[in-house]
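Here are my notes for a colleague who is opening this one for the first time. Have a look at the picture, then read on.

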Amino acid sequence: MDTLDELLKESMELHVRQVTTVDLPGRVTRRLRRDRRLRTAAGSLAAAGSLAAAGALAAGVWGVGALRDGTARPQPAALATTGECAGLRIVIGRPNPGPSDQGIRSPLDPVALLPGDNTISMGRQDYLWLEASGPCHDRLILDGPGPVVHNGAGDVDAEGRKLPSGPFLDEGDRSTAVVFSNEVADGEGVFTIRLDAACTSKPCTPPLASVHVAVRGTATSPSDPGAVLDSTATP
Amino acid sequence: MRGDLPDFEEFVAARQHRLLRVAFLLTRDHHRAEDLLQDAFVKVYRRWRHEGPPEHSEAYLRRVMVNMYISSRRHRRSTEVPLLEDDLVDTAGPSVPTDDRLIVWRALGVLTARQRAVLVLRIYEGMTDEEIADHLHCAAGTVRSLASRAYTTLRTHSELLDWAASAPKEKC
């Protein structure tokens, strides 16, 4: 080995000492989840005919992260105030188009889901992001969505059919889910948030929250994050 | 991934440190190195999930990573900014590089992606030209040619020339 080789080897060995340990398994996990969710979401949008949105979503062009204007995330009302899940909170809103934060999305201008019945308006071929935090956030199931609104990030069965219900995706200190309105016409649907398991046989125990979705109006585009959105607890 | 493929998780945990160093030598940037290795792991995971672990998993991952690096450089066509001396002083702690190592490190930045990959694999990883050729999907002769051009570039790099001219001559 000549002098230059020796110098190169010394230089390389010296500089790699700067390399510090990172949580690469965690990063890989988050990246895989994000990819899977983007693919699922893109597939749903494509199926709904929103190819431009699907392409943009598949390309991950919106990024993710904290609120775009840098303001603190509002503290939502607790969905569960008693029991082991006291302090559990879920917010819903359009996906944040802000800067990337390790590939995890968060709702933009979120509104809190309240215990009991909630009502939400969406445009056609729209989608909304749910984010849960606090106790039990990793045990949540998005259950019972129908054709009007369905679980965008749900798992598929062995034949590739989308399962109607699915767990929130665990992102560490929070869990997320996405719902789509794929109807080309106006309609109404409902999904529920449950703990641990979907309701597979009647009668079912009361869910943590029910979300009634009214799909109205012209299809909205994810590049236009100005969809009508409100959440109103129905006593 | 967690709980999904335990053997893949073990693989990531066992190999990440060594391969992150190789990624750092290729990219010369800690953050880019992490991104590169992460992307390589994700790519390998997809094959692993469907077909099981590839034969010689580490070599396969390294090959994926090196080719992703070369490919990304080809598409990006960006000009690298050599590390500032201050960066190294801040991060290297007590092992501040002496001038010659620093100059060589900066000179590595002017090499093409393939040239740098050849030198890293040859010098740091201790691989033969045939093994490198297998990684880069080229002939061993191409590897030798890339290495030769890399050495020529380094030897004619102005900073190295200046250093060589000013370095004290060793007495035999």
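1. A term to start with: buried area is the accessible area (1.4 Å probe) that two parts lose on being put together, summed over both. For chain B and chain A that comes to about 3500 Å², 67% of it on carbon and sulfur atoms.

2. Before going further, this is a predicted model: local features need pLDDT of at least 70 and side-chain atom pairs pLDDT 80 or more, while totals for chains, interfaces and linings use all residues. Residues are numbered from 1 along each chain as its sequence is written, chains are lettered from A in the order in which they are written, and side-chain values use heavy atoms, leaving out hydrogens and water.

3. Counting contacts (heavy atoms within 4.5 Å), 40 residues of chain B touch 30 residues of chain A.

4. What about charge pairing? Between chain B and chain A there are zero salt bridges, meaning a side-chain nitrogen of Lys or Arg within 4 Å of a carboxyl oxygen of Asp or Glu.

5. On the side of chain B that touches chain A, helices supplying at least two residues each include α1 (6–27), α2 and α8 (140–155). The largest share, ten residues, comes from α2(B). Helices here are DSSP runs of H or I, at least four residues, numbered from the N terminus.

6. Helix α2 of chain B spans residues 30–51 and holds E34(B). E34(B) is buried, at 8% relative accessible area (buried is under 20%, with a 1.4 Å probe and protein chains only).

Key: Buried < 20%, exposed > 50% of the residue type's maximum accessible area, 1.4 Å probe, protein only.
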